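Please consult the sequence and the model shown here.

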Amino acid sequence: MPELPEVEAVCRKLRKEAVGAVIDEAQVMKPRSARGAHSAELDHAVGQTIRKIERRGKNIVVHLSGGYALRVHLMMTGNLFVIPDARLYSARVRVHFRLRDGRALVFEDARILGNVSLYKEEDLKKALSKIGIEPLSKEFTIEKLLELAKRSRLPAKIYLMDQHHIAGIGNMYAAEALFRARINPEQPMNAVTKAKLKALHQAIIDVLKEAIKAAVRSYSKPGTYGKDMDFNVYGRKGKPCNVCGKPITRIEQGGRSTYYCPHCQR
DNA sequence: TCGATCCTGTAG
DNA sequence: CTACAGGATCGA
(Lines give C-alpha, C1' and ligand atoms only; values in the text may rest on other atoms or scores of the structure.)
Protein backbone atom coordinates (compact mmCIF):
# COMPACT_ATOMS: atom_id res chain seq x y z
CA MET A 1 0.00 0.00 0.00
CA PRO A 2 2.59 2.53 0.52
CA GLU A 3 3.77 5.86 -0.59
CA LEU A 4 3.24 8.94 1.49
CA PRO A 5 -0.39 9.52 0.44
CA GLU A 6 -1.54 5.98 1.17
CA VAL A 7 0.32 5.92 4.48
CA GLU A 8 -1.30 9.23 5.33
CA ALA A 9 -4.73 7.78 4.57
CA VAL A 10 -4.01 4.83 6.88
CA CYS A 11 -2.94 7.21 9.65
CA ARG A 12 -6.03 9.35 9.38
CA LYS A 13 -8.27 6.37 9.69
CA LEU A 14 -6.31 5.01 12.64
CA ARG A 15 -6.55 8.33 14.43
CA LYS A 16 -10.30 8.00 14.40
CA GLU A 17 -10.43 4.34 15.32
CA ALA A 18 -7.45 3.46 17.46
CA VAL A 19 -6.54 6.42 19.64
CA GLY A 20 -7.56 5.78 23.23
CA ALA A 21 -7.62 2.01 22.87
CA VAL A 22 -5.71 -0.18 25.30
CA ILE A 23 -3.56 -3.06 24.09
CA ASP A 24 -4.19 -6.27 25.99
CA GLU A 25 -2.08 -8.70 24.02
CA ALA A 26 0.59 -8.65 21.33
CA GLN A 27 0.92 -11.64 19.09
CA VAL A 28 3.61 -12.09 16.45
CA MET A 29 2.57 -14.57 13.77
CA LYS A 30 5.63 -13.97 11.60
CA PRO A 31 8.85 -13.16 13.42
CA ARG A 32 10.19 -11.54 10.25
CA SER A 33 7.41 -8.98 10.49
CA ALA A 34 8.51 -7.85 13.93
CA ARG A 35 12.24 -7.42 13.48
CA GLY A 36 13.95 -4.06 13.73
CA ALA A 37 17.15 -2.63 15.04
CA HIS A 38 16.99 -1.12 18.51
CA SER A 39 13.52 -2.50 18.91
CA ALA A 40 12.26 -3.70 22.26
CA GLU A 41 10.04 -6.72 22.69
CA LEU A 42 6.50 -6.13 21.52
CA ASP A 43 5.31 -7.39 24.89
CA HIS A 44 6.13 -4.00 26.32
CA ALA A 45 3.14 -2.67 24.41
CA VAL A 46 0.79 -4.76 26.51
CA GLY A 47 -1.19 -2.68 28.99
CA GLN A 48 -0.35 0.56 27.17
CA THR A 49 -2.81 3.01 25.71
CA ILE A 50 -2.58 4.26 22.12
CA ARG A 51 -2.05 7.98 22.55
CA LYS A 52 -1.30 9.43 19.16
CA ILE A 53 -0.69 8.39 15.53
CA GLU A 54 1.88 10.18 13.42
CA ARG A 55 3.38 9.75 9.99
CA ARG A 56 7.04 10.30 9.21
CA GLY A 57 7.79 9.72 5.54
CA LYS A 58 6.34 6.31 4.87
CA ASN A 59 6.58 5.28 8.51
CA ILE A 60 3.60 5.08 10.81
CA VAL A 61 4.36 5.96 14.40
CA VAL A 62 1.92 4.78 17.04
CA HIS A 63 2.73 6.56 20.28
CA LEU A 64 1.87 4.59 23.36
CA SER A 65 1.71 5.40 27.03
CA GLY A 66 4.71 4.40 29.11
CA GLY A 67 7.28 6.01 26.84
CA TYR A 68 6.99 3.52 24.03
CA ALA A 69 6.09 3.84 20.38
CA LEU A 70 5.39 1.39 17.60
CA ARG A 71 7.00 1.98 14.28
CA VAL A 72 5.23 0.39 11.35
CA HIS A 73 6.56 0.28 7.83
CA LEU A 74 4.15 -1.08 5.24
CA MET A 75 6.77 -1.57 2.53
CA MET A 76 5.11 -2.94 -0.62
CA THR A 77 2.06 -4.79 0.62
CA GLY A 78 1.53 -3.96 4.27
CA ASN A 79 -1.54 -2.50 5.87
CA LEU A 80 -2.41 -1.48 9.41
CA PHE A 81 -5.99 -1.24 10.55
CA VAL A 82 -8.53 -2.01 13.25
CA ILE A 83 -10.83 -4.99 12.97
CA PRO A 84 -14.11 -5.10 14.92
CA ASP A 85 -13.62 -8.61 16.32
CA ALA A 86 -10.14 -9.57 17.49
CA ARG A 87 -10.80 -13.22 16.75
CA LEU A 88 -11.74 -12.73 13.12
CA TYR A 89 -8.53 -11.96 11.28
CA SER A 90 -7.19 -13.01 7.91
CA ALA A 91 -4.38 -15.44 7.22
CA ARG A 92 -2.19 -12.55 6.10
CA VAL A 93 -2.14 -10.91 9.51
CA ARG A 94 1.50 -10.97 10.68
CA VAL A 95 1.18 -9.03 13.93
CA HIS A 96 -1.95 -8.85 16.04
CA PHE A 97 -2.69 -6.49 18.93
CA ARG A 98 -5.79 -7.44 20.84
CA LEU A 99 -7.54 -4.39 22.23
CA ARG A 100 -9.35 -4.26 25.55
CA ASP A 101 -12.69 -3.46 23.90
CA GLY A 102 -12.66 -6.68 21.88
CA ARG A 103 -11.32 -5.23 18.66
CA ALA A 104 -7.77 -5.65 17.36
CA LEU A 105 -5.15 -3.57 15.63
CA VAL A 106 -3.64 -5.80 12.95
CA PHE A 107 -0.68 -5.61 10.64
CA GLU A 108 -1.45 -7.43 7.42
CA ASP A 109 1.28 -8.03 4.90
CA ALA A 110 1.17 -10.47 2.01
CA ARG A 111 4.84 -10.29 1.08
CA ILE A 112 6.26 -10.10 4.60
CA LEU A 113 8.52 -7.24 3.65
CA GLY A 114 7.13 -4.68 6.03
CA ASN A 115 7.64 -4.62 9.76
CA VAL A 116 6.36 -3.57 13.13
CA SER A 117 8.75 -2.78 15.92
CA LEU A 118 8.54 -1.28 19.34
CA TYR A 119 10.91 1.42 20.45
CA LYS A 120 11.44 3.59 23.42
CA GLU A 121 10.44 7.06 22.27
CA GLU A 122 14.01 8.27 22.53
CA ASP A 123 15.43 5.51 20.37
CA LEU A 124 12.73 5.94 17.78
CA LYS A 125 13.47 9.60 17.45
CA LYS A 126 17.06 8.73 16.71
CA ALA A 127 16.08 6.08 14.18
CA LEU A 128 13.77 8.42 12.31
CA SER A 129 16.20 11.31 12.27
CA LYS A 130 17.92 9.86 9.21
CA ILE A 131 14.83 10.43 7.14
CA GLY A 132 14.72 13.52 4.94
CA ILE A 133 12.47 16.53 4.89
CA GLU A 134 8.68 16.20 4.86
CA PRO A 135 7.54 17.46 1.46
CA LEU A 136 4.24 18.73 2.84
CA SER A 137 5.80 20.65 5.70
CA LYS A 138 6.39 24.38 5.61
CA GLU A 139 10.11 23.71 5.79
CA PHE A 140 10.01 22.28 2.28
CA THR A 141 10.51 25.51 0.36
CA ILE A 142 11.80 26.15 -3.14
CA GLU A 143 15.03 27.42 -1.64
CA LYS A 144 15.38 24.21 0.34
CA LEU A 145 14.93 22.08 -2.76
CA LEU A 146 17.43 24.16 -4.73
CA GLU A 147 19.94 23.74 -1.95
CA LEU A 148 19.34 19.99 -1.69
CA ALA A 149 19.55 19.46 -5.44
CA LYS A 150 22.89 21.20 -5.65
CA ARG A 151 24.44 18.56 -3.44
CA SER A 152 23.61 15.44 -5.45
CA ARG A 153 24.53 13.97 -8.78
CA LEU A 154 21.97 11.18 -8.50
CA PRO A 155 19.53 10.80 -11.38
CA ALA A 156 16.44 12.84 -10.54
CA LYS A 157 14.13 9.83 -10.19
CA ILE A 158 16.52 7.92 -7.93
CA TYR A 159 17.00 11.06 -5.90
CA LEU A 160 13.31 11.59 -5.32
CA MET A 161 12.87 8.01 -4.17
CA ASP A 162 15.79 8.16 -1.76
CA GLN A 163 14.25 8.69 1.66
CA HIS A 164 17.34 10.42 3.04
CA HIS A 165 16.62 13.57 1.04
CA ILE A 166 12.87 13.98 0.78
CA ALA A 167 10.61 11.64 2.71
CA GLY A 168 7.68 9.65 1.44
CA ILE A 169 8.00 9.76 -2.35
CA GLY A 170 8.01 6.40 -4.11
CA ASN A 171 8.06 5.03 -7.61
CA MET A 172 4.67 6.22 -8.77
CA TYR A 173 4.58 9.76 -7.46
CA ALA A 174 8.23 10.35 -8.34
CA ALA A 175 7.42 9.55 -11.95
CA GLU A 176 4.32 11.72 -11.90
CA ALA A 177 6.07 14.71 -10.34
CA LEU A 178 8.93 14.52 -12.83
CA PHE A 179 6.48 14.38 -15.70
CA ARG A 180 4.66 17.47 -14.49
CA ALA A 181 7.94 19.33 -14.09
CA ARG A 182 9.11 18.07 -17.50
CA ILE A 183 12.32 16.68 -16.02
CA ASN A 184 14.09 13.70 -17.55
CA PRO A 185 14.34 11.03 -14.82
CA GLU A 186 17.96 10.28 -15.74
CA GLN A 187 19.13 13.86 -15.45
CA PRO A 188 21.54 14.32 -12.53
CA MET A 189 19.83 16.28 -9.81
CA ASN A 190 22.47 18.98 -9.72
CA ALA A 191 22.11 19.53 -13.47
CA VAL A 192 18.39 20.26 -13.42
CA THR A 193 17.68 23.91 -14.21
CA LYS A 194 16.43 26.22 -11.54
CA ALA A 195 13.19 26.79 -13.40
CA LYS A 196 12.51 23.09 -13.54
CA LEU A 197 13.35 22.63 -9.88
CA LYS A 198 10.81 25.29 -9.04
CA ALA A 199 8.27 23.43 -11.12
CA LEU A 200 9.28 20.20 -9.41
CA HIS A 201 8.76 21.72 -5.99
CA GLN A 202 5.20 22.64 -6.87
CA ALA A 203 4.61 19.34 -8.68
CA ILE A 204 5.66 17.31 -5.64
CA ILE A 205 3.29 19.20 -3.39
CA ASP A 206 0.40 19.09 -5.85
CA VAL A 207 0.82 15.42 -6.67
CA LEU A 208 1.00 14.37 -3.03
CA LYS A 209 -1.98 16.47 -2.01
CA GLU A 210 -4.10 15.19 -4.86
CA ALA A 211 -3.04 11.65 -4.08
CA ILE A 212 -3.92 12.00 -0.41
CA LYS A 213 -7.43 13.08 -1.34
CA ALA A 214 -7.74 10.17 -3.73
CA ALA A 215 -6.26 7.71 -1.24
CA VAL A 216 -8.55 8.80 1.56
CA ARG A 217 -11.50 8.46 -0.78
CA SER A 218 -10.60 5.01 -2.08
CA TYR A 219 -9.20 3.65 1.17
CA SER A 220 -11.43 1.00 2.70
CA LYS A 221 -12.95 0.33 -0.71
CA PRO A 222 -11.63 -3.07 -1.78
CA GLY A 223 -10.08 -3.50 -5.19
CA THR A 224 -9.00 0.10 -5.52
CA TYR A 225 -5.42 -0.64 -4.63
CA GLY A 226 -3.26 1.20 -7.16
CA LYS A 227 -6.19 3.13 -8.49
CA ASP A 228 -6.06 6.07 -6.16
CA MET A 229 -5.16 8.46 -8.88
CA ASP A 230 -4.84 8.69 -12.63
CA PHE A 231 -1.26 8.84 -13.75
CA ASN A 232 0.25 10.53 -16.76
CA VAL A 233 3.15 8.11 -17.09
CA TYR A 234 3.29 5.40 -14.42
CA GLY A 235 2.32 2.03 -15.85
CA ARG A 236 1.54 3.54 -19.25
CA LYS A 237 4.34 2.08 -21.38
CA GLY A 238 3.55 2.48 -25.08
CA LYS A 239 0.43 4.53 -24.42
CA PRO A 240 0.23 8.05 -25.85
CA CYS A 241 1.49 10.92 -23.73
CA ASN A 242 -1.40 13.03 -22.50
CA VAL A 243 0.42 16.15 -23.62
CA CYS A 244 2.22 15.37 -26.88
CA GLY A 245 0.72 12.05 -27.94
CA LYS A 246 4.05 10.30 -28.36
CA PRO A 247 4.46 6.91 -26.63
CA ILE A 248 5.46 6.67 -22.97
CA THR A 249 8.75 4.85 -22.43
CA ARG A 250 9.73 2.40 -19.72
CA ILE A 251 13.34 2.23 -18.56
CA GLU A 252 15.01 0.66 -15.55
CA GLN A 253 16.63 2.69 -12.80
CA GLY A 254 18.04 1.13 -9.67
CA GLY A 255 16.23 -2.08 -10.48
CA ARG A 256 12.86 -0.38 -10.64
CA SER A 257 10.65 0.68 -13.51
CA THR A 258 10.67 4.28 -14.58
CA TYR A 259 8.02 5.58 -16.95
CA TYR A 260 8.36 8.88 -18.72
CA CYS A 261 7.75 10.79 -21.93
CA PRO A 262 11.06 11.23 -23.76
CA HIS A 263 9.59 14.06 -25.79
CA CYS A 264 8.18 16.15 -22.95
CA GLN A 265 10.88 15.32 -20.38
CA ARG A 266 14.34 16.34 -21.58
C1' DT B 1 26.94 3.01 -6.12
C1' DC B 2 25.46 -1.31 -7.67
C1' DG B 3 23.33 -5.77 -7.33
C1' DA B 4 21.28 -9.27 -4.70
C1' DT B 5 17.93 -10.20 -1.44
C1' DC B 6 13.83 -10.37 1.42
C1' DC B 7 8.66 -12.82 0.18
C1' DT B 8 4.11 -13.74 -2.05
C1' DG B 9 0.51 -12.58 -5.32
C1' DT B 10 -1.10 -11.60 -9.70
C1' DA B 11 -1.14 -10.35 -14.58
C1' DG B 12 0.07 -11.74 -19.03
C1' DC C 1 5.13 -20.66 -17.01
C1' DT C 2 7.68 -15.84 -16.48
C1' DA C 3 7.80 -11.12 -15.32
C1' DC C 4 6.86 -7.88 -12.34
C1' DA C 5 5.21 -5.45 -8.09
C1' DG C 6 3.48 1.44 -4.68
C1' DG C 7 10.34 -0.53 -0.71
C1' DA C 8 14.52 -0.66 1.71
C1' DT C 9 18.78 -2.87 3.42
C1' DC C 10 22.99 -5.22 3.13
C1' DG C 11 27.42 -6.58 1.47
C1' DA C 12 30.87 -6.36 -2.07
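Helix 2 (residues 121-128) has the buried residues L124, A127 and L128, where buried means under 20% relative accessible area and exposed over 50%, with a 1.4 Å probe and protein chains only. Helices are DSSP runs of H or I of at least four residues, and strands are E runs of at least two, numbered from the N terminus. This is a predicted model in which local features need pLDDT of at least 70 and side-chain atom pairs count only at pLDDT 80 or more, while totals for chains, interfaces and linings use all residues. Residues are numbered from 1 along each chain as its sequence is written, and side-chain values use heavy atoms, without hydrogens and water.

**Helix 2**
- The buried residues of helix 2 fall within an arc of 90° seen down its axis, so they line one face of the helix; the arc is taken from the directions from the helix axis to the C-beta atoms.
- On the other side of helix 2, E122, K125 and K126 are exposed.
- Cover for the buried residues of helix 2 comes from elements including strand 2 (50-56) and strand 8 (115-120), with contact meaning heavy atoms within 4.5 Å.

**DNA strand B**
- The side chain of R32 has an N or O atom 3.1 Å from a phosphate oxygen of DNA strand B.
- For R111, a side-chain N or O atom is 2.9 Å from a base oxygen of DNA strand B.

Technical notes: Chains lettered and ligands numbered in written order. Polar contact = N/O pair within 3.5 Å; in protein donor to acceptor, adjacent residues only side chain to side chain.
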